Amino acid sequence: MYLNFNHKYVLVTGATGEIGRQICLDFILEGALVIPLYRNDCKKEKFLNWLKENGANLDSVFPYKADLTKRDDIKSAINRILKEHNKIDVLVNCAGYAVEMPFLMLEDNQIDDQININYLAPMIVMKEVLRSMFINKGGNIVNISSATATKFGRGVSVYGSAKAGLERFTKIIAQEVGKKGIRVNSVSPGVIDTDMSQDLIARGKNNIKEFTALRKYGTPIDVSKAVLFLASDDTAGFITGHVLNVDGGIFL
Amino acid sequence: MNMEINEIFKDVAEIIDESCGIEADSIKMEDTLFDKLEIDSIDMVDILFEIETKYDISIKVSDLEQRTKEAENEMPYEIDGKITENGVKSILKEMPEIDLSKVHEGMTIEELIKLINVHSLCKIIKLKLDEAKE
């Protein structure tokens, strides 16, 4: 199916992570111009090499550096992007940060960073980007949530509740901006086979698979395909405020 | 009303047309934004974004009634969201373009905002443009 992303500008936060880079790659392969936000220069180089190795034309990639724990940094990066590229057609809030341990063992900065990156940063990014989408009379936003927003909360109190907040925020903003032709949705991944999930997978042994209807872990590609589906007006033009579970049926 | 306000009015009417689908030709200076034109809050955001982009100024809904507060900063303008006697005096002086017959002591800020009309919006744009020049 034709997704119609040719010449569309797609901003992706958390682009250098395994899910973020897959999302960037798939958008590029569909003809989009991708603006990845990254924080770490070493990760940026690795990310660009990975994109190239996987067939991406780097002329379609316009990376910008921003620390998502700093409001001014986010605003300044998005202002620069809008000055240089004029518009953002699609925003994917993919940055995530989880510290998995009992709530009472978390340090204050670990609480702050998890709230800032998983909950506050998407709000700040959306506020800046929505302005441009209003001016351009349309746009699409996809927020990456987590299965822990609604289930499996032990050890992920702050991460899970921040993602739950993000899901609710997604629905409310979808209501507010719908009449301006802007759609806002979430993708909620279950257990995805990435570096970030290896501890969880190791601890769960085969239990997680047994709880999952499809008896397997997801891949970054599974998440990415769902994001592209929701971000395209040709495939999801009448879908907004939706949370799409990409979890192999772990909730069933 | 001088020429500059008229020019601003022409732009504002076009912006309202584009954002809300209300024909520019049918919009009058005295039309209230929220009651007569029935502009909702999201359309208002859209209109303000368009105005900011067109004129390169920063403007908020609160700017529309902020000036009356500034004019009477020695005395309370409102208490618990209700306009005081001093507030009424300030509104009569600073916002002559609105329907003053509806302004009274004890009215709420929300009721005041409903009296704000297209002329008020044009005035605040002119003030912001003049400030930017200085």
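Two residues count as in contact here if their C-beta atoms, placed from the backbone, lie within 7 Å. Helices (H or I, at least four residues) and strands (E, at least two) are DSSP runs, numbered from the N terminus.

Before you click on anything: this is a predicted model, where local features need pLDDT of at least 70, side-chain atom pairs count only at pLDDT 80 or more, and totals for chains, interfaces and linings use all residues. Residues are numbered from 1 along each chain as its sequence is written, and chains are lettered from A and ligands numbered from 1 in the order in which they are written. The model scores ipTM 0.79 and pTM 0.91.

**Stop 1: the sheet**

Select the strands of chain A. Seven of them make an open, parallel sheet in the order 3-2-1-4-5-6-7 (two strands pair if DSSP finds at least two bridges between them). Strand 3 (64–65) and strand 7 (243–246) of chain A each have a single partner strand, so one side of each has no neighbour in the sheet. Now pick strand 1 (residues 9–13) and strand 4 (residues 90–93) of chain A, which pair in the parallel sense over four bridges. Look for A:Val12, which stands opposite A:Val92 in strand 4 of chain A.

**Stop 2**

Helix 5 lies across strand 5 (139–144), strand 6 (182–189) and strand 7 of chain A, running at about 165° to strand 6. Axes are lines fitted to C-alpha atoms, for helices over the stretch in contact, and angles run from 0 to 180 degrees between N-to-C directions.

Next, show helix 4 of chain A. The axes of helix 4 and helix 5 of chain A come within 8 Å and cross at roughly 15°. These two helices are therefore roughly parallel (angles under 35 degrees count as roughly parallel, over 145 as roughly antiparallel, 65 to 115 as roughly perpendicular and the rest as oblique). The contact residues divide into 14 nonpolar, three polar and one charged (Ala, Val, Leu, Ile, Met, Phe, Trp, Tyr, Cys and Pro count as nonpolar, Asp, Glu, Lys and Arg as charged, and the others, Gly among them, as polar).

**Stop 3: helix 1 and helix 8**

Go to helix 1 (residues 18–29) and helix 8 (residues 220–231) of chain A, whose axes come within 9 Å and cross at roughly 50°. That makes helix 1 of chain A oblique to helix 8 of chain A. Among the residues that meet are A:Ile19, A:Ile23 and A:Phe27 in helix 1 of chain A, and A:Ile221, A:Val227 and A:Leu228 in helix 8 of chain A. This contact divides into eight nonpolar, two polar and two charged residues.

**Stop 4: over to chain B**

The contact takes seven residues from chain A and five residues from chain B. On the chain A side, helix 4 (108–135) and helix 5 are the elements giving two or more residues, and helix 4 of chain A gives the most, with three. By class, that side has three nonpolar, no polar and four charged residues.

Finally, colour chain B by pLDDT, the predictor's confidence in each residue, from 0 to 100. The mean for chain B is 88, and 89% of its residues reach 70 or more. Among the elements of chain B, helix 2 (residues 41–55) has the highest mean pLDDT (94) and helix 3 (residues 63–71) the lowest (64). Where pLDDT is low, the predicted coordinates should not be read in detail.
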